[in-house]
Amino acid sequence: MLTVWGRKTSSNVQALMWCIGELGLEYERHDVGHRYGGNDTPEFLAMNPNGTVPVLQDGIGEPIWETGAILRYLAARYGTPEFWPSDPALRVPVDQWAEWAKINVTLSFTGPVFWRVVRTAPSKRDPSAIEAALAKLNGVLAIAEAQLGRHAFLAGAAFTPADIQFGHVLYRYFDIEIVRPAWPNIERYYQALTQRGAFREHVMVSYEELRVVD
Ligand SMILES: N[C@@H](CCC(=O)N[C@@H](CS)C(=O)NCC(=O)O)C(=O)O
């Protein structure tokens, strides 16, 4: 049994839960973080000194933090060779695109765009900052658009953790009120993700509890 600490509106928790769902693993999840609190207690900080979610514990094993590390742990322990190949030469594109998505897409979207649009009161929003952030994000998404023109999934023909690190922000990207260029390949890919049960259950989740209003 897996235990997850983290609220379901956290994008990183969503990535982890989507992975758990894809792998068909049993879990229990505790709402922690943001309005639920609980991530500044001595008990939580003993599990994760950063005070961030998610944290995963597999059975009575050591608690694990950093979503990328958790995904790799689950992939290695419970995934198929197609999901996360054991051959380093076959695995490296998966890790490469997963790292790329985490560092470029997530960091260019969540704070700079999503927070400025949803987690900022309308009267305090800064349209020029949002526009500049979208321009930067678009430069990164153009790389994904080209890659998805060549492959069904981000790292090739198979669904892998790279798709989780990239795809988990797409629900919010396509749902919030922003200007989006046409991305035919990303849109085709996103539509395919929305057909996956685990994506629908764990990623297509209301973010209204995060919204800041005037
Ligand atoms: N690099 C960490 C970042 C974790 C992180 O920043 N989590 C956010 C939620 S997405 C958090 O804990 N925020 C504080 C809170 O929810 O109270 C990871 O990938 O797991």
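## A walk through the two domains

Start by colouring domain 1 and domain 2 separately: their C-alpha centres lie 22 Å apart. Keep in mind as you click around that this is a predicted model. For the selections, the domain assignment of the protein chain puts domain 1 at 2–78 and domain 2 at 88–196.

**Stop 1: where the domains touch.** Zoom in on the contact, to which domain 1 gives nine residues and domain 2 gives eight residues. The largest share, five residues, comes from α1. Colour the domain 1 side by class and you'll get five nonpolar, three polar and one charged residues.

**Stop 2: the α1 and α3 pair.** Stay with those two helices and hide the rest. Their axes are 10 Å apart, and α1 and α3 pack at an angle of about 5°. Angles under 35 degrees count as roughly parallel, so that is the label for α1 and α3. Now show side chains: from α1, select N12, A15, L16, C19, I20 and L23, which meet T67, I70, L71, L74 and Y78 of α3. By class, this contact of α1 with α3 has nine nonpolar, two polar and no charged residues.

**Stop 3: around the ligand.** Next, select the ligand and bring up what surrounds it: S10, S11, N12, G33, H34, N39, T52, V53, E66 and T67. What classes of residue make up the shell around the ligand? Eight are polar, one is nonpolar and one is charged.

**Stop 4: the annotated stretch.** Select residues 1–82, which UniProt lists in an unreviewed entry as "domain: GST N-terminal". Over residues 1–82 the chain is 38% helix and 17% strand, and the C-alpha atoms at the ends are 23 Å apart.

**Stop 5: α5 and α8.** Finally, jump to helix α5 (residues 127–150) and helix α8 (residues 184–193). These helices pack with their axes 7 Å apart, at an angle of about 70°. That makes α5 roughly perpendicular to α8. To see the contact, show L141, A144, E145, L148 and G149 in α5, along with N185, I186 and Y189 in α8. The class count for this contact of α5 with α8 is five nonpolar, two polar and one charged.

Conventions:
Residues numbered from 1 in each chain as written. Predicted model: local features only at pLDDT ≥ 70, side-chain atom pairs only at ≥ 80, totals over all residues. Near = placed C-beta within 6 Å. Nonpolar A, V, L, I, M, F, W, Y, C, P; charged D, E, K, R; others polar. Domains from an automatic or database assignment. Contact = placed C-beta atoms within 7 Å. Helix = DSSP H or I, 4+ residues; strand = E, 2+ residues; numbered from the N terminus. Axes fitted to C-alpha atoms, helices over the stretch in contact; angles between N-to-C directions. Parallel < 35°, antiparallel > 145°, perpendicular 65-115°, else oblique. UniProt positions renumbered as here; feature names shortened; annotations may be inferred.
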